[in-house]
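Biologist: Could you walk me through this model before class?
Modeller: Gladly, let us look at it together.

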Amino acid sequence: MTGQATFELDGQPVPFEPGQTLMQAAKAAGHYIPHLCWHPDFTAHGSCKLCTVKVGGRFATACTTAAIEGLVVDNRTEELDDKRRTLLQLLFVEGNHFCPACEKSGDCVLQATAYEMGMLTPHFDHFFPDRPVDASHPEVLLDFNRCILCELCVRASHEVDGKDVFALAGRGVKSHLVVNSASGRLADSNFAASDRAASVCPVGVILRKRVGFATPIGQRTYDVHPISQVDVDAQATPDGKQP
Amino acid sequence: MTATLEAILDRHARQAHRLVQILHDVQDALGWLPPEALAAVARGTGWPLARVQGTANFYSFFHTQPAGEYRVRFSDNITDRMAGSAELMAQLCRQLWLEPGKLSEDGLVSVDATSCTGLCDQGPDLLVNGRAVTRMTPQRVDEMAGLIRERVPLDAWPADWFVVEDRICRRELLLDDPVAPGKVLRAALSHGAEGVLGEILRSGLRGRGGAGFSTHAKWRACRDAPGQTRYVVCNADEGEPGTFKDRVLLSSRFDALIDGMCVAALAVGASQGFIYLRAEYRFLLERLRRRLSQRRAAGLLGRNILGKGFDFDIEIHLGAGAYICGEESALIESLEGKPGKPRIRPPFPVTHGYMGQPTIVNNVETLALAGLIALRGGEWFRGIGTPASSGTKVLSVSGDVARPGIYEVPFGVTLAEVLAEAGGSDAQAVTTAGAAGPCLAASEFDRRICFEDVATGGSIMVFGPQRDLFDVAHNFAHFFQHESCGFCTPCRVGTSVNARLLDKLANGRGSPYDLDEIRRMHHLMQGASHCGLGNTATVAIADLMDKFPATFQRRLATPDYEPAFDLDAALSQARQLTGRSDAGAHLQSNQAAMAREARP
């Protein structure tokens, strides 16, 4: 018998090519596995843990687990979505996320995923960290309050732009994004608004100046369609960018 | 400064993967890591400045802010706390007019707490500029404050303060009479690589770090993995609270470790080895390096060992204060100059380790035992212990026992036997894997120490009947908050949520709701975390809650929900500003806050 190899995702067969991860294969087949730090254009990171699935009864991250013939994978179960909801709540209280005042609202992957998972409150006490913004760059604002440490900008700057403008410093809950310049300010780095890193932030840290609220709230990407639909429909826009 | 930095960079061939070692040298020369120095290191190594900062900021023992001529760090393990370390630290701060963690205004001294320093059998203890001072007392604190104020150099401090004892209380194979240098190597070279692997297989040797992975399987996988070169790494980063057996093995049986590493190198086909020594054990470094030199001079290490054409050398890399580097892939990241964050596995280090090459990472004790097995044979080793746990285990016993120290026991002994030997039979509880494992109650002391029953990396902390076990959970929660690497969401944020919940209980504001929340974090972090740290960070706390519910119930303010936010405490700043402390400046309900603030 020939035919493509498959694994089982929530009871449905998902075909895959050799070398694909569970995440890549699921997305290609139109299945949504929640994720924040994963992006089809970059090396998998495996840190946000939103894509935690159960493979043969054991927890694993879908973005780093190789697809193997015959695997039985649980994805959108009550148990896993409950864990995802808690992870989202942890991210919301770790930073300073105030959706009503955020320019990214409606285009924000964190917010959209929280809606998808039915997260109604942050649940935990807020940490209220002190994270000053960096408005030094003429074209781009950095609002670190919303950073979820996904390192997509770090990877984009390194892998695509070849610049290493961003890195993570610190340890544990003191981990924070730093900018590669002697002053630590974006304006003094070799960052450009045309960099891939400028458009990759899933939340509202890296924001283009002077275009705020160009699209009214209510008409933005995830205002119109839930992320579970947008994520699998968007087979990469022409420039490779996801909304 | 420039000439100094250039010399340091040259000494390390300007290789970015030596960054942790470079930063140690820079800090030794300058007292801290000023921004200009980091910029020079970035230029010299070719790494982006932000990445150099990433490494410098990750490790507890690197200072990116001035930390003073005297940097005092009190070990903050629960055993140190039980011996009065918190009071001693407060006393020293008072005498030096200091706040913990802050540099004195004259830039002379800083005093802070640090995670377990591995001197639990002779605590309370501290590190001053990296040198260990054991058996601290209030009198010593008085004297120390005077010495610091008068700027007396450390070399002129009382020499007996710096004495670190090797308290070996029970010896079996490993701590018995040392083997004459060269004997193990001659035996191994006559067996050849396959012969050695065969003996290791027959011995049933399993990793002594706690996980108990088959040493033969690890070595065989490394030997069979494709690669240009192979590495042997000794994990001497024993950071588990309550563990100090590797310190004693390094100090008393270093030759056995070198022998074991040579045997491992022969088995897997490596010519370079590393010992990753935790920064807390820096006081051993010079002595260990000297011994390596002596072995090279004697033909027992380096090129053409024993004239048999076998090349293998060892370099010691110094860690910089990060518990997570005990995890093997984080340790390798650190060896490569990066923050110690665990890698995505697979691939495992046996195929993609140091510099992407096949690498074995083994515990000090495992390697030392492997040397003995090469000499005496796998059958001999298998004759000791239990069917699934051959050989002996070296235990670090501390806490409420009459004779704290090192006990080498055959696998299969009961906890009760160990407690009787150490003089701790009246214990109410024992943790058997430091902060990261179960807590056993007295009814479980007949359980056996072996992989089939109670697996342990060797940390045995004993809690007598007088202890409040809540303090243990509270201490562990803060330990993990401090030591989480921050890579994955559940561990990074979860350890902080946990520490806050335990703080709330400690402040007498807890409710049953908070106990449920701690359990919720336990269920999330177990399974969803990226590595063993997050997966085990709540095990001891959950065990304590299960087995000693009363100690937690006692801390609850109400049987219902209680907010962490304390309305009356929120007014304390206003009271301070207006100089008021009368009843009218307080919300009526809060007598406790009034009492707290009334104290001087």
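**A hairpin, its sheet and a contact**

Modeller: In chain A, β3(A) and β4(A) form a hairpin with two residues between them, and Gly56(A) in the turn has a positive phi of about 55°. Strands here are DSSP runs of E with at least two residues, numbered from the N terminus. This is a predicted model, where local features need pLDDT of at least 70, side-chain atom pairs count only at pLDDT 80 or more, and totals for chains, interfaces and linings use all residues. Residues are numbered from 1 along each chain as its sequence is written, while chains are lettered from A and ligands numbered from 1 in the order in which they are written.

Biologist: How many bridges join β3(A) to β4(A)?
Modeller: Four bridges join these antiparallel strands, with Thr52(A) standing opposite Thr61(A); two strands count as paired if DSSP finds at least two bridges between them.

Biologist: And what does β3(A) do with β5(A)?
Modeller: β3(A) pairs with β5(A) in the antiparallel sense over two bridges, and there Lys54(A) has Asp74(A) as its bridge partner.

Biologist: What is the strand order in the sheet?
Modeller: The open sheet of five strands runs β2-β1-β5-β3-β4 in chain A, with mixed pairing, and its edge strands, β2 and β4 of chain A, each pair on one side only.

Biologist: New topic: how many residues does each chain bring to the contact?
Modeller: Chain A gives 29 residues and chain B gives 30, where contact means that C-beta atoms, placed from the backbone, lie within 7 Å. On the side of chain A that touches chain B, the largest share, six residues, comes from α2(A).

Methods. Two residues are in contact if their C-beta atoms, placed from the backbone, lie within 7 Å.
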